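Please look at the sequence and the structure below.

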There are 2 protein chains.
Amino acid sequence: MTFALSESIEVLERTPGTLASFVSGLSDGWLACREGEGTWNVQEVIDHLIEGERHNWMPRLEMMLQDGEPQLFPPFDRFAHLDKQEAAGIQQSLDTFSILRAQNVARLKACITTDELLARKGKHPAFGTVTIKQLLATWVVHDLTHMAQITRVMAKRYQEDVGPWREYLGILQERQGWSAD
Amino acid sequence: MTFALSESIEVLERTPGTLASFVSGLSDGWLACREGEGTWNVQEVIDHLIEGERHNWMPRLEMMLQDGEPQLFPPFDRFAHLDKQEAAGIQQSLDTFSILRAQNVARLKACITTDELLARKGKHPAFGTVTIKQLLATWVVHDLTHMAQITRVMAKRYQEDVGPWREYLGILQERQGWSAD
């Protein structure tokens with residue numbers, strides 16, 4: 001096990017700025033492209049991250065901090081963002097994500113004040129007992145997964161244009177791997 | 001085919017700032033981790049990108065712009081950076097990459113002034129005739145590949161810590177896919 005709260009926060013804090021550096025101002029060709037039917041474009045990935053800030057990570061963590069028997073997490077709909085797309089475009093989504101993430105990292109720092117609290121438990125609807133440490137490690141890996149997804153979706157846009165180099169570029173053969181909720 | 005020079009430049013220009021946002025100031029645990037023996041850590045990926053700026057993309061492109069029969073590219077050693085690691089650490093590597101990339105994008109803009117030039121040809125040592133368009137598309141996908149690699153390497157560091165969420169996180173099952181030279 002390698003988890004450390006401070007190192008997890010390093011990643012969580014960097015994700016909004018990294019995404020802003022990467023996709024802010026990109027032309028529509030990059031922002032709209034998909035790996036295929038039913039997969040997400042860049043905007044949809046960011047909107048999914050926003051949903052997680054609002055309804056997944058910190059709400060679950062705060063449930064786990066309550067005294068008493070571990071409670072079952074309310075379901076998280078990983079497709080919810082597709083129904084209520086942030087209307088104002090990519091820059092608005094990036095800004096919203098950045099604000100929510102900063103608030104959530106501040107809440108996280110305020111409520112996890114000892115390593116003992118990382119062992120507090122909750123009940124995941126699919127696989128039962130989980131700990132706060134596992135939730136936080138998953139939050140970090142979930143960020144990394146969706147950054148990788150954005151690079152993969154964009155890379156595939158040029159899968160024909162690279163010509164014979166295609167066989168050297170493993171990213172063009174990768175499929176969408178589902179990410180955690 | 002979807003390639004457009006201006007859109008390619010959008011990505012090439014963003015990569016150094018994106019990497020700086022993401023990895024600058026990370027603790028050694030993140031910077032030193034690997035997927036396994038013989039794979040690259042974050043520092044080594046950035047040093048490989050530096051090698052590409054110096055010896056791969058623009059030198060090949062400029063060969064292809066010369067008149068006469070297409071010439072064979074000089075070999076590019078994708079492991080060269082492991083022998084001459086940038087000694088001053090990650091921040092120095094990020095800065096070097098940023099400077100070299102900015103210079104190369106300026107050279108690119110100065111020398112590819114018409115779409116016709118994208119059809120100029122060169123000879124790749126492994127698969128023969130390639131065009132400037134294919135080289136530029138590959139440069140973009142190569143950037144994206146290595147950004148995805150960094151996120152994957154970091155994600156795997158927490159593959160045990162995520163506990164039962166592991167089965168939802170496709171990134172933890174992905175292997176290193178070689179990237180183009």
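This is a predicted model: local features need pLDDT of at least 70, side-chain atom pairs count only at pLDDT 80 or more; totals for chains, interfaces and linings use all residues.

Q: Are helix 3 and helix 7 of chain A roughly parallel or roughly antiparallel?
A: Helices here are DSSP runs (H or I, at least four residues), numbered from the N terminus. Helix 3 (residues 42–55) and helix 7 (residues 132–156) of chain A have axes 10 Å apart and pack at about 170°; axes are lines fitted to C-alpha atoms over the stretch in contact, and angles run from 0 to 180 degrees between N-to-C directions. Angles over 145 degrees count as roughly antiparallel and those under 35 as roughly parallel. Therefore helix 3 of chain A is, relative to helix 7 of chain A, roughly antiparallel.

Q: How many nonpolar, polar and charged residues are in the contact of helix 3 with helix 7 of chain A?
A: Contact means heavy atoms within 4.5 Å, and on the helix 3 side of chain A the residues are A:Val42, A:Val45, A:His48, A:Leu49 and A:Glu53. Ala, Val, Leu, Ile, Met, Phe, Trp, Tyr, Cys and Pro count as nonpolar, Asp, Glu, Lys and Arg as charged, and the others, Gly among them, as polar. By class, this contact has 5 nonpolar, 4 polar and 2 charged residues.

Q: Which residues of helix 7 of chain A does helix 4 of chain A meet?
A: Helix 4 (residues 57–65) of chain A packs on helix 7 of chain A at about 170°, with axes 10 Å apart, so helix 4 of chain A is roughly antiparallel to helix 7 of chain A. The contact divides into 9 nonpolar, 2 polar and 1 charged. From helix 7 of chain A, the residues are A:Ile132, A:Leu135, A:Leu136, A:Thr138, A:Trp139 and A:His142.

Q: What area is buried between chain A and chain B?
A: In this pairing, 63 residues of chain A are in contact with 64 residues of chain B. Buried area is the accessible area (1.4 Å probe) that two parts lose on being put together, summed over both. Carbon and sulfur atoms give 63% of the area, which is about 5200 Å².

Q: Which helix of chain A supplies the largest share of the side that touches chain B?
A: Between chain A and chain B there are 25 residue pairs in polar contact, both at pLDDT 80 or more (a pair of N or O atoms within 3.5 Å; within protein, one must be able to donate a hydrogen and the other to accept it, and residues adjacent in sequence count only if both atoms are side-chain atoms). Helix 1 (5–23), helix 2 (28–32) and helix 7 of chain A each supply at least two residues of the side that touches chain B. The largest share, 16 residues, comes from helix 7 of chain A.

Q: Which residue of chain A meets B:Asp161 in a salt bridge?
A: A salt bridge is a side-chain nitrogen of Lys or Arg within 4 Å of a carboxyl oxygen of Asp or Glu. The count between chain A and chain B is 4 salt bridges. At 3.6 Å, N to O, the side chain of B:Asp161 meets that of A:Lys133.

Conventions. Residues are numbered from 1 along each chain as its sequence is written. Chains are lettered from A and ligands numbered from 1 in the order in which they are written. Side-chain values use heavy atoms; hydrogens and water are left out. Angles under 35 degrees count as roughly parallel, over 145 as roughly antiparallel, 65 to 115 as roughly perpendicular and the rest as oblique.
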